[in-house]
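Me: I would like to learn how to read the features of a model like this one. Please take them one at a time, with the general idea before the case.

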Amino acid sequence: QVQLVESGGGYVQPGGSLRLSCAASGFSLNAMGWYLQAPGKQRELVAAISSGGSPTILDSVNGRATISRDDAKNTAYLELRNLKPVYTGVYYCKAGSGPTYWGQGTQVIVSG
């Protein structure tokens, strides 16, 4: 069964940190990306990582995010730090080669 499951979201105060996980089953992650859908906005790519581990961080989260992967666990991570309310939203991961898959998302709320 093919599944992509995000976890690690929640409430965090401004300036706080979170580590999001994206676990794949039934297929290999291959290249993957993390997307943020802020309230009332379109889903946007914020970070990506190649199958070889090369990261790309988009300007919107530059300096506040680290993307990584553990192929032994078929899981990718997005570490977010020094968060601001503008980073509130649902974080999704997309992964796969050929057919690509989306997870159900994990909500992050940055509020004081």
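Me: Where is the place of Gly63?

Reply: Strands here are DSSP runs (E, at least two residues; helices are H or I, at least four residues), numbered from the N terminus. Gly63 has its place in the loop between strand 6 (55-57) and strand 7. This is a predicted model, in which local features need pLDDT of at least 70 and side-chain atom pairs count only at pLDDT 80 or more, while totals for chains, interfaces and linings use all residues. Residues are numbered from 1 along each chain as its sequence is written, and side-chain values use heavy atoms, with hydrogens and water left out.

Me: Is Gly63 buried or exposed?

Reply: Buried means under 20% relative accessible area, exposed over 50%, and partly exposed in between (1.4 Å probe, protein chains only). Gly63 has a relative accessible area of 55%, so it is exposed. Across a separation of 18 residues in sequence, the C-alpha atoms of Gly63 and Arg81 are 8.6 Å apart.

Me: What is the strand order of the open sheet of four strands?

Reply: Strands of a sheet pair through backbone hydrogen bonds, either parallel or antiparallel. Two strands are taken to pair if DSSP finds at least two bridges between them. In this open sheet the order is 1-3-8-7, with antiparallel pairing. Strand 1 (3-7) and strand 7 are the edge strands, each pairing on one side only. Neighbouring strands of the sheet are turned by 15° against each other on average, direction ignored; the axes are lines fitted to C-alpha atoms (for helices over the stretch in contact), and angles run from 0 to 180 degrees between N-to-C directions.

Me: How many bridges join strand 7 to strand 8?

Reply: Six bridges join these two strands, which run antiparallel. As one example of a partner, Ala65 has Leu80 in strand 8.

Me: Which residue other than glycine has a positive phi?

Reply: Asn74 has a phi near 55°, and Asn82 has a phi near 50°. Asn74 is in the loop between strand 7 (65-70) and strand 8 (75-80). Asn82 is in the loop between strand 8 and strand 9. Asn74 is buried, at a relative accessible area of 17%, whereas Asn82 counts as partly exposed at 45%.

Me: How many disulfides does a search of the whole structure find?

Reply: A disulfide is a pair of cysteine sulfur atoms within 2.5 Å. The search finds one. Cys22 and Cys93 form this disulfide, with their sulfur atoms 2.1 Å apart. Because Cys22 lies in strand 3 (residues 18-25) and Cys93 in strand 9 (residues 89-95), the pair ties together parts that are 71 residues apart in sequence. Both cysteines, Cys22 and Cys93, are buried.

Me: Why is the disulfide of Cys22 and Cys93 called right-handed?

Reply: The torsion about the S-S bond of Cys22 and Cys93 is about 80°, so the disulfide is right-handed.

Me: How many aromatic pairs does the count give?

Reply: A pair of aromatic rings is described by the distance of the centres and the angle of the planes. Rings of Phe, Tyr and Trp (its six-membered ring) pair if their centres lie within 6.5 Å; planes under 30 degrees apart count as stacked, over 60 as edge-to-face and the rest as tilted. By this rule there are three aromatic pairs. One of them joins Phe27 and Tyr101, whose ring centres are 4.6 Å apart and whose planes are at 50°, so the pair is tilted. Phe27 is in the loop between strand 3 and strand 4 and Tyr101 in strand 10 (residues 101-102), 74 residues apart. Ring pairs also link Tyr35, Tyr92 and Trp102 into a cluster.

Me: Which ring does the charged end of Arg43 sit over?

Reply: A charge sits over a ring if NZ of Lys or CZ of Arg is within 6 Å of the ring centre and within 35 degrees of the ring normal. The charged end of Arg43 sits over the ring of Tyr92, 3.6 Å from its centre. The charged end of Arg19 sits over the ring of Tyr77, 4.0 Å from its centre.
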